[in-house]
Amino acid sequence: MISGFEEHFGQGPDLLVEAPGRVNLIGGSTDYNQGFVLPVAIDRRTSFLARGRSDDLVEVYSAGLSRGGSLKTRGDAGALGWLRYLSGILAEISMTGGVKGLDLMIDGDLPIGSGLGSSAALEVGFLTVLKHLNRIEISDEKVVEICHRVENEFVGMKCGIMDQFVSVMGKEDRAILLDCRDMKFEYVVLDRSISIVLFDSGVTRELVTSDYNTRRKECLDALERIRARRPDVRALRDLEPADLPWLESILEPVLFRRCRHVITEIGRVVMAAEALRERNGKGLGELVNSSHLSLRDDFEVSCRELDHLFAAARQQDGVYGARLTGAGFGGNLLVLCHPSAVKETVRNVSRSFTDRFGYTPGTILCRSSDGVKAKWIDGGGDRK
Ligand code: GLA
């Protein structure tokens with residue numbers, strides 16, 4: 001990547017930043033309902049090489065996409081596609097003083113648009129580049145907050161806080177139990193006897209225009225109706241499984257099902273963290289399976305390709321559980337299994353999927369990893 005940078009920009013880079021993607025062990029669509037999530041930063045990253053310029057241009061080149069672009073350091077309201085994320089970060093940072101121009105090359109091994117948190121990695125990594133090149137003090141909490149705001153307000157994807165949070169705060173050999181109400185979190189040891197395998201359904205999603213924002217709105221609509229009768233309920237998080245019969249009596253069926261998913265899922269996250277602490281792969285797996293079924297039937301964010309992978313994975317010896325990860329509507333299925341079962345599971349599930357759909361699903365065996373890191377190329381060591 002360094003020689004690619006030199007070739008493209010005529011000089012070597014000063015800074016390397018790497019921002020990880022994530023899988024969410026459990027807690028689908030609970031973040032924007034102020035509930036709990038249990039994500040893990042993974043060893044698939046978006047990498048950035050950068051060098052300061054003396055003007056106010058941001059010259060970007062994506063090696064993966066073989067495409068580039070040019071932005072102003074104040075951001076560009078008309079930027080399209082992936083440049084929009086960068087532009088949003090620039091617009092935000094320019095409100096707090098501004099930055100100097102830079103040459104930037106982006107690459108990495110984190111697949112884009114397949115439910116592994118690639119948008120958050122792009123935002124978090126780019127903001128970290130700006131922070132270091134311009135020597136601006138920004139706390140980790142602030143990085144999460146800015147990136148989240150850019151995605152919600154600038155890009156228009158009304159995501160929760162999970163992806164940005166874990167791309168910054170991830171830790172090797174740990175999952176993060178995050179309370180999305182007050183951002184309190186706890187690292188939970190991720191036992192190495194639980195392997196994480198991903199199967200890519202090959203169905204890609206454009207989240208901004210997808211049903212993700214519709215689901216979020218359905219949750220808000222339900223909340224509004226609930227609050228008309230119970231103003232003490234601040235978010236779906238404040239409801240319990242014991243409230244379900246009452247909810248069923250006041251909500252239309254679709255909204256009731258959305259609520260049932262969120263309420264039961266929040267309970268499952270807490271139990272899953274406990275199972276992980278107890279190194280109980282089987283118990284964790286059962287909760288993860290229930291999560292997939294609830295996302296499929298009540299929240300309706302699965303698709304036939306993911307459901308096929310799910311059914312095939314469950315039949316394998318040594319598999320604890322499986323679920324769609326990320327927003328759904330395509331992307332990856334996460335499988336948790338015993339390390340000795342990885343090879344057979346990959347072979348059998350891939351074969352079953354290929355027989356049914358005529359193409360082979362991409363597979364990734366991933367490990368947990370630390371959050372975003374920056375390193376000066378002349379050997380300044382690792383830093384946040
Ligand atoms: C996407 C969003 C997250 C979260 C998940 C679903 O990844 O960015 O905030 O809502 O979907 O759990």
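Here are some questions and answers on a predicted model of a protein.

User: How many helices and strands are in the protein?
Analyst: Both kinds of element turn up in this predicted model. The count for the protein is 11 helices and 14 strands.

User: What radius of gyration does the protein have, and why does that agree with a compact globule?
Analyst: Start from the chain length, 384 residues. Along the principal axes, the C-alpha atoms fill a box of roughly 65 × 50 × 40 Å.

User: What share of the contacts in the protein with a separation of 6 or more comes from residues 24 or more positions apart?
Analyst: For the setting, buried residues make up 56% of the 384 residues. Now take the contacts with a separation of 6 or more and pick out those between residues 24 or more positions apart. Their share is 70%.

User: How far apart do the centres of the positive and negative side chains lie?
Analyst: There are 50 positive side chains and 55 negative ones.

User: Which helices are included in what covers the buried residues of α6?
Analyst: The buried residues of α6 include Tyr212, Arg215, Glu218, Leu223 and Ile226. Among the elements covering the buried residues of α6 are α7 (244–250) and α8 (253–277).

User: Is Ser29 buried or exposed?
Analyst: Ser29 sits in the loop between β1 (15–24) and β2 (36–37). Its phi is near 60°, a positive value in a residue other than glycine. Most residues other than glycine have a negative phi. The relative accessible area of Ser29 is 11%, and under 20% counts as buried, so Ser29 is buried.

User: And Ser66, buried or exposed?
Analyst: Ser66 lies in the loop between β4 (57–62) and β5 (67–72). Phi is positive for Ser66 too, near 50°. Relative accessibility is 51% for Ser66, and the cut-off is over 50%, so Ser66 counts as exposed.

Conventions: Residues numbered from 1 in each chain as written. Predicted model: local features only at pLDDT ≥ 70, side-chain atom pairs only at ≥ 80, totals over all residues. Heavy atoms only, no water. Helix = DSSP H or I, 4+ residues; strand = E, 2+ residues; numbered from the N terminus. Rg over C-alpha atoms; globule rule 2.2 N^0.38 Å. Buried < 20%, exposed > 50% of the residue type's maximum accessible area, 1.4 Å probe, protein only. Contact = heavy atoms within 4.5 Å. Lys, Arg positive; Asp, Glu negative; His and termini not counted. Charge placed at Lys NZ, Arg CZ, Asp CG, Glu CD.
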